[in-house]
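Look over the sequence and the structure first.

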Amino acid sequence: MVDPKDNERDRIMNPAQPDDEHAEESLFDDDTDLPEDPLLEESLRGLPEIKVPSTFLPNVMFQVYEKHARERISIPQVLLISAVLLILTIGFFTLDIYDYMAGHDIDSFSQGMSIKVKAVLAQFDEWLSAFGGLVSASWQIVSGSLGYFFKNVSIGIQILILLMILALGFGAKRLLNR
Amino acid sequence: MDETSLTDEALVEKIKEGNVELFEVIVSRYQRKLVNYIYRMINNYEAAMELCQEVFIKVYSSLDKYNPEYKFTTWIHRISSNATIDWMRKKKLDTFSIDASGEDSPSLSQQLPAKGLSPLQNLEMSQLQGRIEAAIDELPFIYKQLIVLRHINELSYDEIAKTVDLPLGTVKNRIFRGREMLKSKLAEEMAKRGGRQRG
C-alpha cells in the first residue's frame, strides 16, 4: 500500500520530476501574466466566421414573443377568451338555424334547431361508423395475416422475419436518434 | 434614445420592465459569437443553430435570475457553455472529427472567401484555415473550450474564469497548454506535408 504522504515527500525531494498534471496547473497563478503568442493569435483571428442565417433572429424573436405572451396570459383572460368564443359559436349556430328555417319554411325555432342537431349528429354518426369500419377492416387484415404466418410458415422463417422486424425497428430508432 | 447604444446590463433592465422587443438587440449582439462558439465545440452546423436558439430562449427565460453586478457577457457565455456541455453529454460526444461533419455542414472556407487574394492564395489560405480548424477540433475538450473562448470569442482571462467557473490560474495554465498542443499539432502537420511534398 502506497502512502500518499510518500508521493508528496517524493515531489518535495525531487522537484525536477513533478507530477505532469500538477506541473501544468502550477505554471501560472492568478497574478502571473500569461505571455501572448502574436503569431498564433493572428492565425486564430484569421479563421473564417460561421455565417448566421438571416432567419435566425426572427426565429428566436418569434419564440421569445410566444413565451412572453404565454407568461403574461392569466386564468381570467383564458376564461374571458373562452366565453367570447362560446358566445360567437352560439351566435353562429343560431344564425345558421334561422337561415335553415327561412330556406325550409319552418316557423318554430325549436323545430329548426332539432332538425339541425339531428343532421349534425347523423353526420357525426356516419363519420364514426366509417372510422369503425376502417379499424375493423385493418384488424381483420392484421389478424388474418398473423394467423396465416403462424400456421403455414415454418418456424425458421418466422424467426428470420421477426429478427428482420427487430433489426428494422432498431435501425429506425438509431436513425431517429442521430 | 437609440436603444442599440445601451449597455447589455441596461438593456436587460429595460427588457425586465416589459420591453421584450429589445431582446432583439441582445440577440443581434451575441448571435455571431455564440454560434461560432457552439459550432466549434460540437462541429455540427444544423445542431449548432438549433442549440444556439435554445440558448437564447434560456437566456430570455432566466433574465430574472441575472445579477447585474456580474458582466452580461460572462453570464451569457456561461449559459451557452453549460448548454453545449449538456448537449454533448446527451449525445455522448467527447470528440467529433471535423471530417465527420463535412457532409451536413458547409465548409468554413466556402462560406467566407478571403477578399483581395488570388485564387492560389485563397486556396492556400483555406488549406491553412482548415488545418487550424482541424487542430483545434483535435484538442481535448477542456483546452478547446478555453482556446475558443479566448481566441475566437475574445473573452478576457478573467471573463473566461467566470464563464467556466475555474480559478484564474487554472484558466491561464490550460490556455497556455492548449496553445502549446495546438502549435505542436500544426508543426507536425506542416512537417508531414513538407515531407510528402519533398517525397
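Which residues in α4(A) meet which residues in α2(B)?

## Where α4(A) meets α2(B)

The model is predicted. On the α4(A) side, the contact residues are Phe56(A), Leu57(A), Val60(A), Met61(A) and Val64(A). In α2(B), their partners are Phe23(B), Glu24(B), Val27(B), Ser28(B) and Gln31(B). By class, this contact has 7 nonpolar, 2 polar and 1 charged residues.

Two packed helices are described by the angle between their axes and the distance between the axes. Angles over 145 degrees would count as roughly antiparallel.

## The side of chain B that touches chain A

Contact between the chains involves 38 residues of chain B and 29 residues of chain A. Several helices of chain B each supply at least two residues to the side that touches chain A. They are α2, α3 (45-61), α5 (108-111), α6 (119-138), α7 (141-152) and α9 (168-198). The largest share, 11 residues, comes from α9(B).

By class, the side of chain B that touches chain A has 19 nonpolar, 12 polar and 7 charged residues.

## α2(B) against α3(B)

α2(B) also packs within its own chain, against α3(B). The two axes come within 9 Å and cross at roughly 140°. α2(B) and α3(B) are therefore oblique to each other. The crossing is right-handed.

From α2(B), the contact takes in Phe23(B), Val27(B), Gln31(B), Leu34(B), Val35(B), Ile38(B), Tyr39(B) and Ile42(B). Among these, Phe23(B), Val27(B) and Gln31(B) also meet α4(A). The α3(B) residues are Tyr45(B), Ala47(B), Ala48(B), Met49(B), Leu51(B), Cys52(B), Val55(B), Phe56(B) and Tyr60(B). The contact of α2(B) with α3(B) has 16 nonpolar residues, 1 polar and no charged.

## Annotated spans of chain A

UniProt, in an unreviewed entry, places the feature "transmembrane region" at residues 78-98 and 153-172 of chain A. What does the model show there? Residues 78-98 of chain A are 100% helix and 0% strand. The end C-alpha atoms of that span lie 30 Å apart. Residues 153-172 of chain A are 90% helix and 0% strand. Their end C-alpha atoms are 26 Å apart.

Methods
Residues numbered from 1 in each chain as written. Chains lettered and ligands numbered in written order. Predicted model: local features only at pLDDT ≥ 70, side-chain atom pairs only at ≥ 80, totals over all residues. Contact = placed C-beta atoms within 7 Å. Helix = DSSP H or I, 4+ residues; strand = E, 2+ residues; numbered from the N terminus. Nonpolar A, V, L, I, M, F, W, Y, C, P; charged D, E, K, R; others polar. Axes fitted to C-alpha atoms, helices over the stretch in contact; angles between N-to-C directions. Parallel < 35°, antiparallel > 145°, perpendicular 65-115°, else oblique. Left-handed = near helix turned anticlockwise from the far one by under 90°. UniProt positions renumbered as here; feature names shortened; annotations may be inferred.
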